[in-house]
Amino acid sequence: MRGGLNLGKIFGIQIIIDWSWLFIFLLVTWNLVSVFSQTHPAWGGMNWVIAVAASLLFFASVLAHELAHSLMAIAQGLPVRNITLFLFGGVSNIERDPPSPRAEFLIAVVGPLTSIVLGVLFIFLARATMGPVDVTVQDPMQMLRQLSPLSTLLLWLGPINIILGIFNLIPGFPLDGGRILRSALWAGSNNLRWATRWAARVGQLIGWGLIVMGLAMAFGVQIPLFGTGLLAGLWLAFIGWFLISAANQSYRQVVIQDVLQDVPVSRLMLSEVATVSPDVPVSVLAYDHIMATNERAFPVESEGQLVGLVTLDDVRKVPRDAWERTPIREIMTLAGQLATIDPTDDASEAIRLLAEHEIRQLPVVREGNLAGLIRRDDVVRFLQMHSQLNE
């Protein structure tokens with residue numbers, strides 16, 4: 001997910017809010033204002049304050065859920081790129097699959113447990129701050145109206161976190177429950193790809209079930225635990241669609257990693273690479289290299305050493321009338337800032353780096369010397385060929 005607001009780091013993990021999160025934040029806040037206005041009509045504008053505070057604390061709880069995943073992943077030796085809060089909650093961007101079924105289980109289960117523990121804690125705090133309540137009141141609405149703003153907020157946060165934890169335990173990959181299922185299948189088969197395929201199929205089945213229930217709710221059918229209504233039904237169907245898409249994507253990623261495992265970068269890289277000097281003006285690069293070939297990126301070498309990389313995008317940033325007087329060294333990305341890879345590394349590592357840095361090519365370097373260039377198109381072409389040969 002590209003773009004969004006960077007909130008900084010917690011425990012060294014980058015926290016990002018995707019712009020789609022604003023929609024769900026406003027939707028939750030608006031819904032809470034409606035609920036609080038019914039239970040506490042005398043509060044007036046205070047309902048907005050409590051609703052905003054509840055929404056912020058809820059998403060802080062979602063962040064705590066994802067932090068639990070990320071910290072456990074780090075404890076298992078897996079790097080975590082960032083945590084992103086978005087339309088459907090949050091996601092920990094763990095760079096690699098867990099090394100073992102045990103690691104998978106621990107990383108997956110700690111998130112729901114964190115949400116359930118937070119839910120219980122919020123309920124305990126709500127009870128501690130309630131004060132005297134007339135329990136003889138028959139009308140539940142009248143009982144709720146006896147609560148203070150703080151108790152009301154905490155009493156909403158408790159159950160919603162418990163529901164979040166339980167929902168994530170549904171065995172629909174890539175939900176946490178689906179990952180727990182995959183860890184069990186992986187432990188039994190010792191085959192991550194097979195375990196992912198079956199966990200993804202269960203995830204797709206559950207996703208279709210959510211879509212069917214959501215559409216039924218939209219047409220007025222009362223579904224136990226989910227209720228009824230157009231908005232709630234469409235939202236549930238939307239979650240089902242997302243789950244199906246995420247399951248498919250997760251399985252494809254595992255297949256790609258499996259296919260590229262043990263395939264050396266040297267087999268896929270472009271060995272004969274045209275290089276340029278850092279002192280060449282941009283005009284020479286544009287006319288004699290970019291326009292004369294199909295290449296869009298060129299390693300920059302000086303005295304046989306890789307010193308940088310220059311791309312078509314770099315050239316586009318230079319005004320046309322400045323091409324003659326602007327040397328490549330002024331627009332190139334320095335070698336120290338480049339992501340590089342060794343020719344003996346797995347191609348799976350190359351595709352990971354290409355995706356992580358959102359780039360189209362990766363210099364292949366051995367002991368400071370340029371050995372070649374591996375491009376995303378080359379990897380995709382290899383995967384397509386492998387797929388055709390195995391049909």
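Here are some quick questions and answers about this predicted model.

Local features need pLDDT of at least 70 and side-chain atom pairs count only at pLDDT 80 or more, while totals for chains, interfaces and linings use all residues. Residues are numbered from 1 along each chain as its sequence is written, and side-chain values use heavy atoms, with hydrogens and water left out.

Me: How many aromatic pairs are there by the ring rule?
Reply: Rings of Phe, Tyr and Trp (its six-membered ring) pair if their centres lie within 6.5 Å; planes under 30 degrees apart are stacked, over 60 edge-to-face, and the rest tilted. Going by that rule, the count is 11.

Me: What kind of pair do phenylalanine 58 and tryptophan 156 make?
Reply: A pair of aromatic rings is described by the distance of the centres and the angle of the planes. Here the centres are 5.9 Å apart and the planes sit at 70°, so phenylalanine 58 and tryptophan 156 are edge-to-face.

Me: How many residues apart are phenylalanine 58 and tryptophan 156?
Reply: Helices (H or I, at least four residues) and strands (E, at least two) are DSSP runs, numbered from the N terminus. Phenylalanine 58 is in helix H2 (residues 46-75) and tryptophan 156 in helix H5 (residues 149-168). The pair links distant parts of the chain, and the separation is 98 residues.

Me: Is phenylalanine 58 buried or exposed?
Reply: Buried means under 20% relative accessible area, exposed over 50%, and partly exposed in between (1.4 Å probe, protein chains only). With 13% relative accessibility, phenylalanine 58 is buried.

Me: What does helix H8 span from its first C-alpha to its last?
Reply: The expected span is 1.5 Å times one less than the number of residues. H8 covers residues 230-260, which is 31 residues, and about 45 Å is expected. The model comes close to that, reaching 45 Å.

Me: In which sense do S8 and S9 pair?
Reply: Two strands pair if DSSP finds at least two bridges between them. S8 (residues 361-366) has 5 of its 6 residues buried, and arginine 366 stands opposite asparagine 369 in S9. Over 6 bridges, S8 and S9 (residues 369-375) run antiparallel.

Me: Which residue in the hairpin of S8 and S9 takes a positive phi?
Reply: The hairpin has 2 residues between its strands. The one with a positive phi, near 55°, is glutamate 367.
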